[in-house]
Amino acid sequence: MADFLSTGIIDAQTLQKLNLIPSPERIRMGPVAIIECPQEIPCDACVAACPSHAISKTNINSLPRIDFDKCTGCSLCLLACPGLAIFVVDLSPTNGKAYVTVPYEFLPVPKRGDKVALLDRAGSEIGVGEVVKVFMSRDRTYAITLEVDYDKAMSVRAFKISSRR
Ligand code: SF4
Ligand code: SF4
């Protein structure tokens, strides 16, 4: 298990160990938030943003915890998170595809139908996905939903716009 404190990159095994990954059964049921925020920092924007009261912290510095059964996958916590640490994953499609919603703070903002290069947590390219939804918060933080291959859904955490669009 790589040490994310020294590399700056967390991996799926560490997230699993920290109980931050929903069960496979829950992810297959429909969109659900995955909070990749493993350090104790004084922030609770995600807690305040959730209309389903699915996220909790025992104090302002503790790690956020999510009740995956309460989460509806609405993405409001994702839009509110200043750390860009929340993603919404949907493994319910049965056509070999999955949906991953990621925060996005770059320009230009992609549009629906664009093909983009998918990036993993380390920023390495791992394939091509398609933008299926673009939405934003009141403060103009964007969230982009990507259609990706099913087996990449737990790895894709960012994207870049290809110059060959
Ligand atoms: S996706 Fe929506 S329901 Fe789920 S934890 Fe975030 S704000 Fe709450
Ligand atoms: S809003 Fe983001 S950075 Fe703040 S506690 Fe929640 S997940 Fe962590």
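## Largest pocket

The lining of the largest pocket is made up of 19 nonpolar, three polar and four charged residues. Here Ala, Val, Leu, Ile, Met, Phe, Trp, Tyr, Cys and Pro are nonpolar, Asp, Glu, Lys and Arg are charged, and the others, Gly among them, are polar. The pocket holds about 490 Å³ of space. It has 26 lining residues, of which Glu 36, Cys 37, Pro 38, Gly 83 and Ala 85 are the closest to its centre. At least two lining residues come from each of helix 1 (4-7), helix 4 (45-49) and strand 4 (86-90).

## Basis of the values

The model is predicted: local features need pLDDT of at least 70, side-chain atom pairs count only at pLDDT 80 or more, and totals for chains, interfaces and linings use all residues. Residues are numbered from 1 along each chain as its sequence is written, chains are lettered from A and ligands numbered from 1 in the order in which they are written, and side-chain values use heavy atoms, with hydrogens and water left out.

Pockets and cavities are found on a 1 Å grid over the protein atoms alone: a cavity is a set of points where a 1.4 Å probe fits but cannot get out, a pocket is an open set with protein on both sides within 12 Å along at least five of seven lines, and lining residues have an atom within 4 Å of a point. Points are joined across faces, edges and corners, and a volume is the space filled by probe spheres set on them. Helices (H or I, at least four residues) and strands (E, at least two) are DSSP runs, numbered from the N terminus.

## Second largest pocket

The second largest pocket has a volume of about 240 Å³. Strand 9 (158-161) and strand 5 (97-104) each give at least two residues to its lining, and strand 9 has the largest share, four residues. Among the lining residues are Phe 87, Tyr 104, Phe 106 and Arg 157. By class, eight are nonpolar, none polar and three charged.

The largest cavity contains about 80 Å³ of space. Among its 13 lining residues, Cys 50, Cys 71, Thr 72, Cys 74 and Cys 77 are the closest to its centre. The lining has nine nonpolar, four polar and no charged residues.

Ligand 1 sits in the largest cavity (more than half of its atoms lie within 2 Å of the grid points). The residues around ligand 1 include Ala 33, Pro 51, Ile 55, Ile 66 and Gly 73 (a heavy atom within 4 Å). This shell has eight nonpolar, four polar and no charged residues.
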